[in-house]
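Here is a short report on one protein model. Please read it beside the sequence and the 3D view.

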Amino acid sequence: MLTLHNFQKSYGERPILTIPDWQLPTGIHWLKGPNGAGKTTLFRSIAGMLPHEGSVRLNELDSRQDVVAYRLKVNYAEAEPTFPPFLTAHELIKWVADAKQAPAGQAAGLTEEFGVGTYQHTPVGTYSSGMLKKTSLIMAFLGQPTLILLDEPLVTLDVAATQTVAELIDRARLAGVNFLLSSHQAMETAQLPIDSVWQVANQTVTPASV
Ligand SMILES: Nc1ncnc2c1ncn2[C@@H]1O[C@H](COP(=O)(O)OP(=O)(O)OP(=O)(O)O)[C@@H](O)[C@H]1O
């Protein structure tokens, strides 16, 4: 499903990740690793947001040669999302829904499921961290992605929202969507069926156990 080949990422002269070959099969995958290991750097690279050496491919799509098609199929929610404070959740969600060619009614349905409707017309600069997180998670599910990258999806969420995320992941999985999730918490919290576990450490990615 996802293939990295001769992947290298540095910030300036400082190498962060070197991944000669990594093949991620279909399913739900958990990315572990200590603080500063490079998980966010890896997510951003796979999301097409960072320059890097080597290739990142989602099935037949190359992240740099098939940019538009690739980005329609790879969605990403950051661990600590930040948005222009004067925009509302409604405006942000609508903008991403248009960009991701979301089916009619999808954004409204997700907004309803996360309970964001009550404050969606208020600027995000007034939101709590949990409200911001829900807004960013809604955007990660918009469109018809093949792969959704979720960096620390459960942090700052209440019990109800954690349950909503788990249900959405499970529903999307049954519809053929794949997930790469990072979490410092045990994923049992969300009761997700994890297909494989990976560790980011020593500047590379290796198989790991739960
Ligand atoms: N824009 C940047 N410029 C320079 N160095 C950076 C930049 N972003 C991250 N780094 C460095 O790259 C390394 C990996 O950072 P990254 O945020 O990818 O780690 P992480 O595994 O996501 O960490 P955490 O679990 O704490 O979120 C760190 O040493 C960090 O200081």
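Which residues are around the ligand? They are Tyr-11, Ile-16, Gly-33, Asn-35, Gly-36, Ala-37, Gly-38, Lys-39, Thr-40, Thr-41, Ala-79 and Val-200. A residue counts as near a molecule if its C-beta atom, placed from the backbone, lies within 6 Å of it. The shell divides into 5 nonpolar, 6 polar and 1 charged. Here Ala, Val, Leu, Ile, Met, Phe, Trp, Tyr, Cys and Pro count as nonpolar, Asp, Glu, Lys and Arg as charged, and the others, including Gly, as polar. Helix H1 gives the most to this shell, with 3 residues.

This is a predicted model: local features need pLDDT of at least 70, side-chain atom pairs count only at pLDDT 80 or more, and totals for chains, interfaces and linings use all residues. Residues are numbered from 1 along each chain as its sequence is written. The model scores ipTM 0.98 and pTM 0.96.

Helices (H or I, at least four residues) and strands (E, at least two) are DSSP runs, numbered from the N terminus.

| Element | Residues |
|---|---|
| Helix H1 | 39-46 |
| Strand E1 | 2-11 |
| Strand E2 | 14-24 |
| Strand E5 | 61-62 |
| Strand E10 | 204-208 |

An open sheet of 4 strands runs E2-E1-E4-E5, with antiparallel pairing. Its edge strands are E2 and E5. Strands pair if DSSP finds at least two bridges between them; E1 and E2 are joined by 9. Phe-7 stands opposite Ile-19 in E2.

Thr-204 lies in E10. Thr-204 touches Leu-17, Thr-18 and Ile-19, not counting residues up to four places away in sequence; contact means C-beta atoms, placed from the backbone, within 7 Å.

Notes. Contact = placed C-beta atoms within 7 Å.
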